[in-house]
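Please consult the sequence and the model shown here.

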Amino acid sequence: ELRSNGIESGSIIESLDAARERLNECLANCVQPTTEIATEDIQPPSDIENYCVRLGNGTTERFVCDAAYTDGITDVVELSQFMAQVGHESINFRAVEENLNYSEGALERVFSSYFGPGKENAAEYARNPEKIANYVYADENRRSPLGNNNPGDGFRYRGRGYIQLTGKANYRAISRAIGVDVVENPDYLTTPEGATESALWYWKN
């Protein structure tokens with residue numbers, strides 16, 4: 001694959017070696033502290049009581065973290081894992097709705113089971129999020145169903161929330177869990193409350 005893109009593996013190895021040499025040189029010549037710091041004075045951020053506080057007041061991260069702690073994620077390792085996962089899925093808590101605006105090439109890479117030689121023509125779907133979702137998320141086209149068995153369900157129940165909850169079956173299940181009908185009102189999952197509740201529900205289930 002590297003060679004097909006005009007990149008020789010040897011050049012990558014040489015670049016990595018050069019980078020290591022520069023790093024080692026930097027470490028060898030860095031200014032060292034003039035005073036020693038006692039290791040017992042260094043407190044690792046492991047106490048659960050202050051974990052969320054460190055995220056600052058009024059931030060989305062703090063809102064999600066406090067909600068997770070209140071909902072029962074009181075182990076600092078699990079809480080940090082949860083925050084890392086939902087932060088990654090939502091692009092640092094900025095994306096609450098799946099972006100399906102894929103180019104032809106991206107469709108063939110991301111949804112290779114659906115597009116490419118002998119499959120659907122990606123060019124006919126490129127840059128059309130609704131058409132893409134209604135094809136790749138429709139139960140009739142999937143090995144693992146999502147509960148999307150009516151026309152338009154794929155796009156209507158696309159990924160939403162901080163964990164990108166997808167599929168009508170999941171929307172039904174979380175509706176029962178949180179007491180809000182997100183099947184009829186899917187955009188609730190794009191609100192801070194809904195995005196957080198869906199992430200916590202999916203994490204625990």
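## Basis of the model

The model is predicted, with local features requiring pLDDT of at least 70 and side-chain atom pairs counting only at pLDDT 80 or more, while totals for chains, interfaces and linings use all residues. Residues are numbered from 1 along each chain as its sequence is written, and side-chain values use heavy atoms, leaving out hydrogens and water.

## Helices H4 and H9

Helix H4 (residues 76-89) packs against helix H9 (residues 192-204) at an angle of about 120°, their axes lying 11 Å apart. The crossing is right-handed.

H4 contributes Glu 78, Gln 81, Phe 82, Gln 85 and Val 86 to the contact, and H9 contributes Ala 199, Leu 200 and Trp 203 (contact means heavy atoms within 4.5 Å). By class, this contact of H4 with H9 has 5 nonpolar, 2 polar and 1 charged residues.

## Helices H3 and H9

The axes of helix H3 (residues 60-70) and H9 cross at roughly 45° and come within 10 Å. H3 is therefore oblique to H9, and their crossing is right-handed.

In H3, Phe 63, Val 64, Ala 67 and Ala 68 meet Pro 192, Glu 193, Thr 196 and Leu 200 of H9. The contact of H3 with H9 comprises 6 nonpolar, 1 polar and 1 charged residues.

## Helix H8

Within helix H8 (residues 168-178), Lys 168, Tyr 171, Ala 173, Ile 174 and Ser 175 are buried (under 20% relative accessible area, with a 1.4 Å probe and protein chains only). Their cover includes helix H7 (153-156) and H9. Gly 179 follows H8 and has a positive phi, near 75°.

Definitions and conventions. Axes fitted to C-alpha atoms, helices over the stretch in contact; angles between N-to-C directions. Helix = DSSP H or I, 4+ residues; strand = E, 2+ residues; numbered from the N terminus. Left-handed = near helix turned anticlockwise from the far one by under 90°. Nonpolar A, V, L, I, M, F, W, Y, C, P; charged D, E, K, R; others polar. Buried < 20%, exposed > 50% of the residue type's maximum accessible area, 1.4 Å probe, protein only. Parallel < 35°, antiparallel > 145°, perpendicular 65-115°, else oblique.
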